[in-house]
Amino acid sequence: MLKLFLRRVALTLPTFVALMFVTFVAVRLVPGDPIEVRTGERGISPERLAQFRHELGLDRPIWQQFLDYANGLLHGDFGVSIVTKTPVLNEFLILFPATLELAFCALVFAIVLGIPAGVLAAVKRGSIFDHTVMTAALAGYSMPIFWWGLLLIMFMSEYLGLTPVSGRMDLINYYFEPVTGFMLIDSLLSDQEGAFGAAVAHLILPSIVLGTIPLAVIARMTRSSMLEVLGEDYVRTARAKGLSPLRVVGLHALRNALIPVVTVIGLQTGTLLAGAVLTETIFAWPGVGKWLIESISRRDYPALQGGIMLISGIVILVNLIVDLLYVAINPRIRHGG
Amino acid sequence: MAGDSMAGDNMREGPAFDPAAIAMVETVPPEVSSLRAFWSAFSENRGAVLGLMVVAFIALLAIFAPWVAPHSPVEQFRQFVQQPPVWAGGSWQFPFGTDAVGRDVLSRLIYGARISLGIGLSVMVVSVALGIVLGLASAFMRGVVEVVVMRIMDVVVAIPSLVLAILVVAVLGPSLANTIIAVTVVYLPRYVRLVRAAAIAELSKEYVVAAQVAGVGKLRLMFVTVLPNCLAPLIVQAALGISDAILEAAALGFLGLGAQPPTPEWGAMLADSREFIRSAPWIVTLPGLAILVTVVAINLMGDGLRDALDPKLRRS
Amino acid sequence: MPAINTKVALAAAMLTAFAAPAYAAKTLVYCSEGSPENFTPALNITGTSFDAARPVYNQLVEFERGTTNVVPALAESWTVSDDGKEITFKLRKGVKFHSGVNGFTPTRDFNADDVLFSFERQWKPENPYHKVTGGAYDYFNDMGMPGLLKSIDKVDDYTVKFVLTEPNAPMLANLAMDFATIMSKEYADFLLKKGAPEQLDQIPVGTGPFQFVTYQKDAVIRFKAFPAYFEGPAKIDNLVYAITPDPTARYAKLKKGECHVMIAPNPADIAGMKTDPAVNLLSQPGLNIAYWAFNVEKPPFDKKEVRQAFNLAIDKAAIIKDVYQGAGQAAVNPIPPTIWSYNTAVKDYAYDPEKAKAMLAAAGVKTPLDIDLWWMPVQRPYNPNAKRIAEMMQSDLSKLGINAKLVSYEWGEYRKRMQEGEHMTGQLGWTGDNGDPDNFFFLLGCPAARKGGQNLAKWCNKDFDALITKARTIADKDERTKLYEQAQVIFKEEAPWFTIAHSVVYEPTRKEVVDYKVSPFGRHEFYGVDLK
């Protein structure tokens, strides 16, 4: 187990190095110039352009820029955003809690609905319920989520007036200093009556939109995994022994059926953390996904490089953990490997 | 492990590594069922047949667009700007209404099917071909080739997929061809990994060893002996990959980075008309619906394919 | 998934019911477009960044809210010497800086040192703040300040004298612009001592009606009223900018009361807003122009008749109707009608494709003619959708046997290539900064027609150039008006541009917002605004 762990960890190191190289090169290949792009109609004189490029070190040989960048990364320095002139790491740390909070809520939404739906669909295989769940899951899996988000805002927020349109907080009635950056926690810490409810209300629609695909995936996975387990000998035996169906399903089948589901959930976590670009764009959610996209359009090289490194790093780590977890809970692989 | 190959493959908002797909591979038998057996298994699944019919219908529309579409997709009828569809008080001249500059929405949707299916198919063909080559190469050569290929795939997977696609489009410039390249880059790793895992699993089997002993050449061993036995999961993945590619391309179009005007790509149509969601909702709703229906149909078909090709699920 | 929706809807309804206001201060929420780059106007060039800093700061002179009139602010009065080369400002006494922001407590009132610091930071490389936060003072340089300014002298604590190298009529209006914002020298010194000079641009301390409370990137900026503001405290207690990039979402928020004022509605939503009982739709003609420039260096656009024919070939009314959707008026002259010296006698070319065809044939242009038509990839205040306009022009031109290829580049690249003159025809526009006609006319002058210059038609007409150059140095408004009126006649006859439109700036506010004024500059100002 330890050997496996070390081997997997060692395997991620070259990935990081390659990632560093790829982001650096890709970012330089994007045509356009971070200084030109912000000047608008007004433009900029060639002399001043040259001066700024020099100050930003953009006129140095590309290999030297790469060495500096790599050296900075080794020392935990992700560079300074060209646009805001603040350290990339600071910007990331301000925005990441919003992404994390949204990803967490979307995942909770997906799990809480997806697992029971999948289990029930498997138990009542062939029933109307099964067909409904599977149809809904298929639609959810096939959903263009930018479109889905727009429709939900129009219907839920504007037409029915039930949920807030966008943002993270009711800004008219509440104000508190961000402590953790997580609105759910900060609103509780603030001790203001109703603030927590407002924070939850703002999370509902984005969580549904972001959670739609994981929900569909989890429901499908749970169902097929459950079907497989229900066909296994030990479940049949348990049934034959006359154990109550609830006990059979709940205790014996579910526990085993959930192993692959847990893996899928883990993988979805990495996916969601990677920045829900579209969801964040639609809901004006101040997260890292939207930030990365904007950094591309601003040609903000350091923010883009640093941002991709940080997010990809997190994805790699999460996937590594899931990988190890999968090995840990799945006896078949452990014995085999 | 059940073979829900979609499980870990939610690439639309980011990458994921997919042990489910790899585990599934081991359950595929060496012999690919004959066409007839396959069809009888496939046609048992009513959803899959329905999906196939819808896909065929959309494909026919796409192929015969110039004859089917009532108007040119780019002609602007200035006196009929933003006309509602026929069920909302419009006229039969423009059954699905007109868009912001008076183009017939129905004709644009029909021509758009060409673009979207075209993107989906091109991405699928290119990435399957590249996936086979790279996957087989790493499975057979191991060593440096495998390390390099798989590490690159790891990097691709680690970068959020939409961010990577946007980055590729930003480098190459927004156009239809570059959309295809960008989406291919994003989806390549799943094919490479799948082929490699399947091939490695096959390599240890007796018939491969036998062939090796019999002195079959390496290329022949790769493409003639091993590859056919890896095809089943690949076909399933490819079918589902078409729908994912359509969605990813639509997302790029939605962000204004896909096909350029006046190409009637569905995602770009949606992005162009986003502002009319209140005043002329059909211009926004219909392209979204077109994407949804197409993708659902392809996924239904893909599910059917998987069930038909994966005997384990068929049995249960 | 209707079942799920109902469940969530119920939960949401319950949550909404629980949510009760924590305190009942007057809080005005403004739905803004994006995050500011920082809070120092001198460093910035975008309206979004200027708007974010404006509540905190003042200038020596300012634009009266909702107009282009220059009025006294931190300077009570000013005198201009007879030769036009010296402007002397008398500063207002007893003006307080914000206290308690970022641990800073001012010990003195605003005085001449603050004025000198604010300009020297942008001007003098030896100023300790010159290089802080990138040190790109684009507006200071673009307005030609380094060349125009000879010195800025402190006569006494409350008198400052600007000495110019040549008389310059637009100077006073320049000083009302955001780059001329007055910052606190004492705060700057305080931060220098603290070793954190970059905070000057991130945590602003000024003399303005609101003081800074907090900023969270991409989410919210919060201000509170400054009780000691020199013109009296603001009528609202809190001012909040809710950063909401999508216009559809902004309008939805406005409808629901999540914000009170919003920037830049969708043109498509304007009709609905007019009848929305919760919304007051304010509007003002924008100080801008969208145009389509013909590169006169590339045949056949070197011929005046061809340019005129192109002017006749495009259905401008259709563009105004379908792209601007009422939020724009057809442009005739290169300046908007809200600027003085606008020549109302100039008539626009009528839409006449037949005549255009005949003129092209007469000018010896053979069809099919291949041209390129550039469109910018971004939405601009003067042009809601350059792509759609390009598509419409393309369709109109095809009727004349002209194949227009649509071309676009990434925004910075686009502008640069156009300035280099790579295009045959291309769209761009301009937004006025200070309400002076020269701020528009220079775009068509000979100096700007050089490679890399801002004259995108590359059109250099000696008569036209002589008129605008002369008008720049004269102080007398009537005389300047006459010169500019002549220039407009030449411009229309020579037709280097197809003048597309001046957008109308629409700003929806909720009904309970009192006395909000739309700025012709596209500014957003909340001092003097109240909530019912």
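**Folding and contacts**

Author: In this predicted model, residues 24 or more positions apart make up 73% of the contacts in chain A that have a separation of 6 or more.

Reader: How many helices and how many strands are there in chain A?
Author: Read along the sequence, chain A follows the pattern α-α-α-α-α-α-α-α-α-α-α-α-α-α. Its C-alpha trace spans about 85 × 55 × 40 Å along the principal axes. The count for chain A is 14 helices and zero strands.

Reader: What percentage of the residues in chain A is buried?
Author: A residue is counted as buried if 20 or more other C-beta atoms lie within 10 Å of its own. Chain A has 337 residues, and the buried share of them is 53%.

Reader: Which helix gives the most to the side of chain B that touches chain A?
Author: In this pairing, 44 residues of chain B are in contact with 52 residues of chain A. On the chain B side, at least two residues each come from α1 (19-25), α6 (143-158), α7 (161-172), α10 (218-254) and α12 (281-309). With eight residues, the helix that gives the most is α12(B).

Reader: How many nonpolar, polar and charged residues has the side of domain 1 of chain C that touches domain 2 of chain C?
Author: The domain assignment of chain C gives domain 1 (27-260 + 512-531) and domain 2 (288-504). Their contact takes 12 residues from domain 1 of chain C and 15 residues from domain 2 of chain C. By class, the domain 1 side has eight nonpolar, four polar and no charged residues.

Key. Residues are numbered from 1 along each chain as its sequence is written. Chains are lettered from A and ligands numbered from 1 in the order in which they are written. This is a predicted model: local features need pLDDT of at least 70, side-chain atom pairs count only at pLDDT 80 or more; totals for chains, interfaces and linings use all residues. Domain bounds come from an automatic or database domain assignment. Two residues are in contact if their C-beta atoms, placed from the backbone, lie within 7 Å. Ala, Val, Leu, Ile, Met, Phe, Trp, Tyr, Cys and Pro count as nonpolar, Asp, Glu, Lys and Arg as charged, and the others, Gly among them, as polar. Helices (H or I, at least four residues) and strands (E, at least two) are DSSP runs, numbered from the N terminus. A residue is buried if 20 or more other C-beta atoms lie within 10 Å of its own, exposed if 12 or fewer, and partly exposed in between; C-beta atoms are placed from the backbone.
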